[in-house]
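Here's a quick tour for anyone opening this structure for the first time. Take a look at the model, then read on.

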Amino acid sequence: MEPKTSQLPHKPVEDETPLYNQEFLDFLSGLPKERVIEKFESYQYQGFWYNPPLLHGIFNMQKHFQPCENDIFLVTAPKSGTTWLKAMIYALMNRKAYPPQSPHHPLLNNTPHQLVPFLEFINPSKYGSVCNSPDRTTRILATHCPLISLPKSITDDASPCKIVYLCRDVKDNFVSLFHFAQKNQWHISLEDSFELYCKGFSGAGPVWDQISGYWKESLDRPHKVLFMRYEEMQNEPQFQLKRLAHFLGKPISEEDEKSGVVDQIINLCSFDTQSRLKVNNTGDLVCGLSNSSFFRKGVVGDWKNRLTIDMASKLDQITEEKFHAFGLSI
Ligand code: PAP
């Protein structure tokens, strides 16, 4: 019989960021830093810029995280569609235990961030408590960590863990980030925000370098890294969901096809469904960000409503130059 929410074995792990210890403070003090806005200082580590809470998570991950055999890592630059893909991977991996059309589906009563936590915001003592797939050797975990900083135990070919990287057109990514900053009262103008973004001061930025790292890896090791794009998920959701299922070793069977599970997952995880749920419209994550701020428009090309032509061209130009430098074509 189908389990009810109250019987779920999948207890969300409470985000509970541990306090900074002296070791982390010493580590921070040795890094290049910039005060990017009044509220935040940014620190550069292994070529990428972070605010202290995010970097603290990566510091802890590098020191303490041990992957399970079949862990799945969902990696994104912030505001590239993380929340959406968290929902999709969760629904896909758990489709037998929790049919996506069930009125008791966990995604109707828990935010995607509760079900699929960010590694950076889990206390290392709770890494082992994550339990969000039917298979005890598989955890679904999200991170904004660039490839260079992921622990070798995850990236090694000897480890069967899988990495799914989702990228988004940087123009939409920037606009989404700007609105998110506004909603969370960071008090920064569009122009200042834009300058910072272009210089690489977005969470784990420069975004181009993060994308290129995973993109290149997905070409070199396609069994290890799946490279996905937000726009393709919007344009061809069935195809992309099947591609994801295949990569994760849970291909869509004929029986799945007949039952309509693909469309059901797409529908359950869609912006329309998720953004209307009470759980996604109330409360905050423990880091103080409101749950509702993760759902704004969910539209491809929204940058046209916000960016000047000059801004858009500058982002396109940086994209072309950076990707060309990495030997990648857009
Ligand atoms: P995060 O990286 O900080 O977790 P993330 O989920 O990547 O945030 O960013 C939120 C963006 O994804 C928002 O984009 P927008 O500002 O351009 O609207 C949000 O609307 C979008 N989003 C959230 N859920 C979905 C969904 N189910 N389908 C499509 N887009 C979504």
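Let's begin with Gln 46, which sits in the loop between β2 (40-45) and β3 (48-50). Its phi is near 50°. That is a positive value in a residue other than glycine. Keep in mind as you look around that this is a predicted model.

## A cis peptide bond

Another loop to find is the one between α8 and α9, where Pro 206 has its place. The peptide bond that leads from Gly 205 into Pro 206 is cis. Its omega is near 5°.

## Around the ligand

Now for the ligand. There are 21 residues around it, and Lys 79, Thr 82, Thr 83, Ser 176 and Lys 297 come nearest. Sort the shell by class and you get eight nonpolar, nine polar and four charged residues. Which helix gives the most to this shell? That's α3 (residues 82-93), with three residues.

Thr 83 has a polar side-chain atom 2.4 Å from an oxygen atom of the ligand. With Lys 297 it's the backbone: one of its N or O atoms lies 2.7 Å from a ligand oxygen atom. Phe 271 also uses a backbone N or O atom, placed 3.3 Å from a nitrogen atom of the ligand. How much of the ligand's accessible area does the protein cover? On its own the ligand has 640 Å² of accessible area, and the protein covers 97% of that.

## How some helices pack

Two packed helices are described by the angle between their axes and the distance between the axes.

The handedness of the α7 and α8 crossing is right-handed.

The other pair brings together helix α9 (residues 207-220) and helix α15 (residues 309-325), which pack at an angle of about 40° with their axes 10 Å apart. So α9 is oblique to α15. Is the way α9 passes α15 left-handed or right-handed? The crossing of α9 past α15 is right-handed.

Definitions and conventions: Residues are numbered from 1 along each chain as its sequence is written. This is a predicted model: local features need pLDDT of at least 70, side-chain atom pairs count only at pLDDT 80 or more; totals for chains, interfaces and linings use all residues. Side-chain values use heavy atoms; hydrogens and water are left out. A residue is near a molecule or strand if one of its heavy atoms lies within 4 Å of it. A polar contact is a pair of N or O atoms within 3.5 Å; within protein, one must be able to donate a hydrogen and the other to accept it, and residues adjacent in sequence count only if both atoms are side-chain atoms. Accessible areas come from the Shrake-Rupley method with a 1.4 Å probe; for residues, only the protein chains shown count as cover. Helices (H or I, at least four residues) and strands (E, at least two) are DSSP runs, numbered from the N terminus. Ala, Val, Leu, Ile, Met, Phe, Trp, Tyr, Cys and Pro count as nonpolar, Asp, Glu, Lys and Arg as charged, and the others, Gly among them, as polar. Axes are lines fitted to C-alpha atoms, for helices over the stretch in contact, and angles run from 0 to 180 degrees between N-to-C directions. Angles under 35 degrees count as roughly parallel, over 145 as roughly antiparallel, 65 to 115 as roughly perpendicular and the rest as oblique. A crossing is left-handed if the near helix is turned anticlockwise from the far one by less than a right angle, and right-handed if clockwise.
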